[in-house]
Amino acid sequence: MKAKKNYIIFLFAALLFSGEAFASQKIRIGALFAVTGPAAFLGEPERNTAQMVIDEINRNGGIRGQQFELVAYDTAGDATKAVNLATKLVKDDKVVAIIGPSTTGESMAVIPVAEREKIPLISCSAGIKITDPAKKWVFKTAQNDTLAVEKIYSQLKKQKQTKVSILTVSDGFGASGREQLKAQAAKFGITIVSDDTYGPKDTDMTSQLTRIRGVKPDALICWGTNPGPALVAKNARQLGIKTPIYMSHGVSSKKFIELAGDAAEGIRLPSGKVIVADQLPSNDPQKKSLLAFVKDYQKHYRAEGDHFGGHAWDAVMLIKGAVERGATTPEGIRDQLEQTRQFHGIGGTFTYSQQDHAGLGRDAFILVEIRNRDWVIIR
Amino acid sequence: MQFDQLLQFFLSGVATGAIYALIGIGFSIIYNSTGIINFAQGEFVMLGGLLALSFTELLKLPLWAAIPCAIAVSTLVGALFERLAIRPLRRPTPINLVIITIGGSILIRGISMLIWGKDTHALPPFSGEEPVIIGGATVMPQHIWIVGITLLLISINKFYFFHTISGKAMRACAYNRRAAGLVGIDVRRMVLFSFIISSAFGSVAGIIVAPLTMTAYDVGVMLGLKGFCAAIIGGMSSGMATVAGGLLLGILESMGAGLISSGYKDAISFIILLLILFFRPQGLFGKSESERV
């Protein structure tokens, strides 16, 4: 109660002394997230996290005396809407930077707006095309698919398993994974012996898996987001497939284990470190950020913080870092973002440069195995 | 291609097909008594699964008690849908009715999204998860439940339509609504019955597949379409023809995915749908003026 009273007095005093100037001190950050629609599983935690972090910064007195304000819009996963809202953020809301959008398609559509209006954009989607080639005003926080594929392939190479079957979902995420899996196979001495897909709404994958069982691969790699991979796990168990199964980082959430149940046991997947924050060795540079994020998210939303929220956490923190180093204008924030070195975030350790606006290395991913309905790090 | 692979494709197809058949029968019961395609049929499939989940998880009911409760609630929703959306219509032309069912399906889906969220949920299987081996192929115990329950429901359905007064009255409506009305059958009540029966069927289908395929607020769309395909192949009969249609569809899909390419799985069923509509609109097994119930 007392704290609240103090806060009110402080607010009153602040209003009295600074008046108009106080309001204009706010740094406005725009956000475009797919809070509803098919990509809501990305947008919702992202929006929640961004709001949580900004509230926290303000509660601690802002950065260099300046408060932040988040102007977040829901794109519903629609690229056209995302473009309109991006323009609105720039023209009407006069934001200094934009976080999001949540999906690769939307990000690609918004990039021309950011470039034209000279507003830094920190995308929360994974598509490699967003920052390859590097664009002056565009950064991103989500890990590239390339890194996830490399992680799986280097493990397979280590175990001398060279014949793999791939089973990917026929949507944007699966198509991108399939492309990367095929493109990098040769580099790791891996042959793809069968290449199947399934529809995002399919309810039975036994046909594909029966075929895969027939070609006897050393490992099966399945690339998709829930619920498809959980069905693949269940169907594989039904068919008695003993081949080691690898999944993508698209299912690295407890939801997958819940859906697949016992069938999830022994499945391996590359994942950001957030799901195993408490298992990380204490010298891991990301550990502090990860634990703080997980605890905070739990407290505010009574749900486990995930990677997707983490992408927004990283984006806000990167902007915070830029403002801490003295930037207040879009131009300044962009320049300072590019100067980010060794920022230990949720998605990994970011080091941006003029050529690299994705900023992450292979250490952004770890390989985990599901044992006793929990994640175990494979070293 | 070995025999055990073919057998696996076949058995997977039968299990999926049984579901399509059950949903398809829901379509045809309503079609026969009202002359409309109820595009909200898929939503009752979704409701069945999600309600069963809520009854087991929130109210902590055992599965055997949760299932009848879930069926009862979704049947009630079906009845309300008929009373509130279909019956009050002043000019019930088929196009109006079809649009209303589409609107109803969007409404039910939207409300369900608000209640259960956008996540996928899994229902526990009825009897364990140990696969059963049938001649080199494997099926889950749940598959056997699905086929068994489908067969049971279809027999009950057959009995109802041929051996009870209200069943016979519904058949009369299917043959000729006006004549049925003239001999004293309350046609509107029969329409209500048809919605009740088909939403019950839909929800049963939703419950028995949920342990295998999992369920979410939007599963009704695809399952509804596949059920519709089954009903079209069966010539909108609510008897064995639709069952055969569903099984045929399931087996072709599974064989297609296994033998040709998994990318064409959905294409196969919709190509079949188009071919049937072009060349045999009365259904694969029907004579041109066939008995529809």
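# Questions on a predicted two-chain model

User: What box do the C-alpha atoms of chain A fill, and what share of its residues count as buried?

Analyst: Chain A holds 13 helices and 14 strands. Along the principal axes, its C-alpha atoms fill a box of roughly 75 × 45 × 35 Å. Among contacts between residues at least 6 apart in sequence, 66% join residues at least 24 apart. Of the 379 residues, the share that counts as buried is 53%.

User: Over which residues of chain A does pLDDT stay under 50?

Analyst: The mean pLDDT of chain A is 89, and 93% of its residues reach 70 or more. Where pLDDT is low, the predicted coordinates should not be read in detail. The stretch in question has two contacts beyond four places in sequence in the model, and pLDDT stays under 50 there, over residues 16-23.

User: Is Leu269(A) buried or exposed?

Analyst: Leu269(A) lies in strand S10 of chain A, residues 268-271. Beyond four places in sequence, its contacts include Tyr246(A), Met247(A), His249(A) and Val368(A). A residue counts as buried if 20 or more other C-beta atoms lie within 10 Å of its own. Leu269(A) has 28 such atoms within 10 Å, so Leu269(A) is buried.

User: How far apart are the C-alpha atoms of Leu269(A) and Lys160(A)?

Analyst: Along the chain, Leu269(A) and Lys160(A) are 109 residues apart. In the model, the separation of their C-alpha atoms is 18 Å.

User: Which residue in the hairpin of S13(A) and S14(A) takes a positive phi?

Analyst: Strands S13 (residues 366-371) and S14 (residues 374-378) of chain A pair in the antiparallel sense over five bridges. Within this pairing, Glu369(A) stands opposite Val376(A) in S14(A). The hairpin has two residues between the strands, and the positive phi, near 50°, belongs to Asn372(A).

User: Why does the radius of gyration of chain B agree with that of a compact globule?

Analyst: The C-alpha atoms of chain B fill a box of roughly 60 × 50 × 35 Å along the principal axes. Buried residues make up 50% of the chain. With 293 residues, a compact globule would have a radius of gyration near 19 Å, and chain B agrees because its own value is 19 Å.

User: How many helices and strands are there in chain B?

Analyst: Read along the sequence, chain B follows the pattern α-α-α-α-β-β-α-α-α-α-α-α-α. Among contacts between residues at least 6 apart in sequence, 75% join residues at least 24 apart. The count for chain B is 11 helices and two strands.

User: How many residues of H8(B) are buried?

Analyst: Helix H8 of chain B covers residues 187-213 and reaches 37 Å from its first C-alpha to its last, close to the 39 Å expected. Just after H8(B), Met214(B) takes a positive phi of about 65°. H8(B) is mostly covered, and of its 27 residues the number buried is 22.

User: Which element gives the most to the side of chain B that touches chain A?

Analyst: In the model, 23 residues of chain B are in contact with 29 residues of chain A. Helices H1 (3-34), H10 (240-260) and H11 (265-279) of chain B are the elements that give two or more residues to this side. By class, the side has seven nonpolar, 11 polar and five charged residues. With five residues, the element that gives the most is H1(B).

Methods
Residues are numbered from 1 along each chain as its sequence is written. Chains are lettered from A and ligands numbered from 1 in the order in which they are written. This is a predicted model: local features need pLDDT of at least 70, side-chain atom pairs count only at pLDDT 80 or more; totals for chains, interfaces and linings use all residues. pLDDT is the predictor's confidence in each residue, from 0 to 100. Two residues are in contact if their C-beta atoms, placed from the backbone, lie within 7 Å. Helices (H or I, at least four residues) and strands (E, at least two) are DSSP runs, numbered from the N terminus. Ala, Val, Leu, Ile, Met, Phe, Trp, Tyr, Cys and Pro count as nonpolar, Asp, Glu, Lys and Arg as charged, and the others, Gly among them, as polar. A residue is buried if 20 or more other C-beta atoms lie within 10 Å of its own, exposed if 12 or fewer, and partly exposed in between; C-beta atoms are placed from the backbone. Two strands pair if DSSP finds at least two bridges between them. The expected span of a helix is 1.5 Å times one less than its number of residues. The radius of gyration is taken over C-alpha atoms; the globule rule is 2.2 Å times the number of residues to the power 0.38.
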